Amino acid sequence: MMFIDTHTHIYTEEFDADRADVVERARRAGAVALLLPNIDEASIEPMMALCDAHPDLCHPMMGLHPTELPPDPSPLLDRMEAMLAEGTRKFVAVGEVGLDFYWDAGRRDEQIAVFDRQITWAERYGLPLVIHSRSAHRDLVDTLLPHRDRLARGGVFHCFGGTAEEAKELLDTFPGFYLGIGGVVTFKRSSLPEVLATEVPLERLLTETDAPYLAPVPYRGKRNEPAYVPMVVARLAEIYHTTIEAVGEITTQNARRLFAI
């Protein structure tokens, strides 16, 4: 089985002791690509170093995570956009960007403004958006909607964990977008399997880990890594009453189509 981990942070310090082994385990498990979302200024260098070390497997994104805004985000955003504009690096997406009012509701308006600016990057440079959203569904839709017709490359709502109504609204309103599904779908009390079965076709899903977070069962609570994606694929095969191979092939093609890899 082949798969693409469309959202993994294996460049962070949690992997410093065994990063090469993590990459090798991912390859052995069937990974054909690992997509690395940026977080903040400090993460740019280690992310790019990992992509340089494994150019056939690791692909970078560029963006500022909504919970990592510096006191004045503008200078950093200027530097990030300059990297996108240079064209010397092939960034596969603008990400990880979005809104998070669960951890930091005090800078709501500023988060929205930063997100809106980064949406324009996707328009300007013809890239998909990789969107983080937590406790912010309505503001997310309201911010993204004015840009919808200019987002030619679409994007993904990373780590989707919302209701059936929210899934339907996102997929109907933004037809070029996918839902990113990771370890949460394997959790015993997760409502995600029912939401997917009732509202979301397999052709609108991407597989991901968000490593080092949200490891699937039976590794829940431990460090996540790309080699665990097959457990997510296996659960999706159960939900959609199909084979593991079919899920791997469909979600891989979805990712290739979205990210042009």
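Student: Which residues of α9 are buried?
Tutor: In this predicted model, the buried residues of α9 are V247, G248, T251, T252, N254, A255, L258 and F259. They cover an arc of only 155 degrees around the axis, so they sit on the same side of α9.
Student: And what does the face turned away from the buried side carry?
Tutor: That face of α9 has the exposed residues E245 and R257.
Student: What span should α9 have, and why?
Tutor: α9 has 16 residues, 244-259, and at 1.5 Å a residue they should span 22 Å. The end C-alpha atoms are 22 Å apart, which agrees.
Student: What follows α9?
Tutor: A260 does, and its phi is positive, near 55 degrees.
Student: New topic. Which residues touch the most other members of the largest nonpolar core?
Tutor: L129, L144, I181, L196 and L236, out of 70 residues in that core. Another core, of 13 residues, lies apart from it; L35, V130, L206 and F259 are among them.
Student: How many aromatic pairs are there?
Tutor: A search of the whole structure finds five. One is edge-to-face: Y102 and W103, 5.0 Å centre to centre, with 85 degrees between the planes. The F157 and F174 rings have centres 6.0 Å apart and planes at 55 degrees, so that pair is tilted.
Student: Are F157 and F174 buried or exposed?
Tutor: Both are buried. F157 and F174 also form one aromatic cluster with F177.
Student: What lies over the face of Y102?
Tutor: R134, at 3.6 Å from the ring centre.

Methods. Residues are numbered from 1 along each chain as its sequence is written. This is a predicted model: local features need pLDDT of at least 70, side-chain atom pairs count only at pLDDT 80 or more; totals for chains, interfaces and linings use all residues. Side-chain values use heavy atoms; hydrogens and water are left out. Helices (H or I, at least four residues) and strands (E, at least two) are DSSP runs, numbered from the N terminus. The expected span of a helix is 1.5 Å times one less than its number of residues. Buried means under 20% relative accessible area, exposed over 50%, partly exposed in between (1.4 Å probe, protein chains only). The arc is that of the directions from the helix axis to the C-beta atoms. A nonpolar core is a set of buried Ala, Val, Leu, Ile, Met, Phe, Trp, Tyr and Cys residues joined through side-chain atoms within 4.5 Å. Rings of Phe, Tyr and Trp (its six-membered ring) pair if their centres lie within 6.5 Å; planes under 30 degrees apart count as stacked, over 60 as edge-to-face and the rest as tilted. A charge sits over a ring if NZ of Lys or CZ of Arg is within 6 Å of the ring centre and within 35 degrees of the ring normal.
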